[in-house]
Amino acid sequence: MNSTPPQITKAVIPAAGMGTRFLPLTKATPKEMLPVVDKPAIQYVVEEAVAAGMSDILMVTGRNKRPLEDHFDRNYELEEALQRRGDQDKLNSVCASTELADIHYVRQRDPKGLGHAVLCAAPHVGREPFAVLLADDLIDPRDPLLARMAEVRARLGGSVVALMEVDPDAIHLYGCAAVEQSSAGGDGVRITDLVEKPEPGTAPSNLAIIGRYLLDPEIFEVLRNTSPGRGGEIQLTDALRALVCAGRPVHGVVFSGRRYDTGDRAEYLRATVRLACEREDLGPDFLSWLREFVHTEALAPV
């Protein structure tokens, strides 16, 4: 009888990308620090990892990413100023990010792709299973995707990848999985093949890989032997495909919950509006203004 896989306590967040889709803003500001209402996108991702029991976080960063470290560090002058004013609410919000988890940093010196960024985490992760969370994808805390992925892994072992159905016309923008039903049942599937950004009309399904992975440490050795693929980069998708081809277990969880893509400008704006509307302190007034704006301006004749 197979033993239960160990609980995952380490998470890797690749955050070395240049954010070219948000230029000129990201010339000097990390895309991960873009505000979603009043918190940077990266904080939502860290909070998700912590909620899933992952207290040891490694961020893989690059040049111009120092603000990430500053955000999760103490700011004594600001804290003291808020303390003197008696502004406990703001003080709590400032301190929240510093107390979330044990956060470490390593720099990806060369932009060689997601697979290479994950490989940079090998010395920190060691021989433990770990999670990878992409900072562009925000998963609503009301839809605990990582918990469901952990359930599938506990039952079936191996690595687990998050999948989501997308419009077939858009699948070429994603990594894509071919799957079959597995004993995980429900939203759990067994992955039989993977391809990174398939050419239009060649995708094996409309199941796109979204930015959540639970990985066995054997992925590091595979990544060391993975040649550059799509875009001349070392692709994590290619390494996972190598595991599948070697007969190693790789499963998927088909997610149908709330996901916000902050890596796309239009989706980023939609995410901000949705989350602002749901806030108790902002939602009622903002939603009232939004209705009036749509009625009087957006729908007004030109």
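1. Which residues of α1 are buried? They are A41, I42, Q43, Y44, V45, V46, E48 and A49, that is, eight of the 11 residues of this mostly covered helix. Buried means under 20% relative accessible area, exposed over 50% and partly exposed in between, with a 1.4 Å probe and protein chains only. Helices (H or I, at least four residues) and strands (E, at least two) are DSSP runs, numbered from the N terminus.

2. The model is predicted: local features need pLDDT of at least 70, side-chain atom pairs count only at pLDDT 80 or more, and totals for chains, interfaces and linings use all residues. Residues are numbered from 1 along each chain as its sequence is written, and side-chain values use heavy atoms, with hydrogens and water left out. The chain averages a pLDDT (the predictor's confidence in each residue, from 0 to 100) of 91, and 96% of the residues score at least 70. Confidence is lowest in α11, at a mean of 89, and highest in β6, at 97.

3. The second largest pocket has a volume of about 820 Å³. Its lining comprises 32 residues, with D38, K39, Q43, Y44 and E47 nearest the centre. On a 1 Å grid over the protein atoms alone, a pocket is an open set of points where a 1.4 Å probe fits, with protein on both sides within 12 Å along at least five of seven lines; lining residues have an atom within 4 Å of a point. Grid points are joined across faces, edges and corners, and the volume is the space filled by probe spheres set on the points.

4. At least two residues of this lining come from each of β3 (39–40), α1 (41–51), α4 (88–96), β7 (137–139) and α7 (145–156). The lining divides into 17 nonpolar, four polar and 11 charged residues. Here Ala, Val, Leu, Ile, Met, Phe, Trp, Tyr, Cys and Pro count as nonpolar, Asp, Glu, Lys and Arg as charged, and the others, Gly among them, as polar.

5. K39 and Y44 are also in contact as charge and ring: the charged end of K39 sits over the ring of Y44, 4.4 Å from its centre. The criterion is NZ of Lys or CZ of Arg within 6 Å of the ring centre and within 35 degrees of the ring normal.

6. Rings of Phe, Tyr and Trp (its six-membered ring) pair if their centres lie within 6.5 Å; planes under 30 degrees apart count as stacked, over 60 as edge-to-face and the rest as tilted. By this rule there are four aromatic pairs. F130 and F220 are stacked because their ring centres are 5.0 Å apart and their planes lie at 5°. This pair joins strand β6 (residues 130–133) to helix α8 (residues 219–224), 90 residues apart in the chain. F130 is buried at 0% relative accessible area, and F220 is buried at 2%.

7. W289 and F293 also stack, since their ring centres are 5.3 Å apart and their planes at 15°. They lie four residues apart in helix α11 (residues 283–298), about one helical turn. W289 is partly exposed at 46%, as is F293 at 29%. Ring pairs link F286, W289 and F293 into a cluster.

8. The L23 to P24 peptide bond is cis, with omega near 10°; P24 lies in the loop between β1 (10–15) and β2 (35–36). V37, not a glycine, has a positive phi of about 65° and lies in the loop between β2 and β3.
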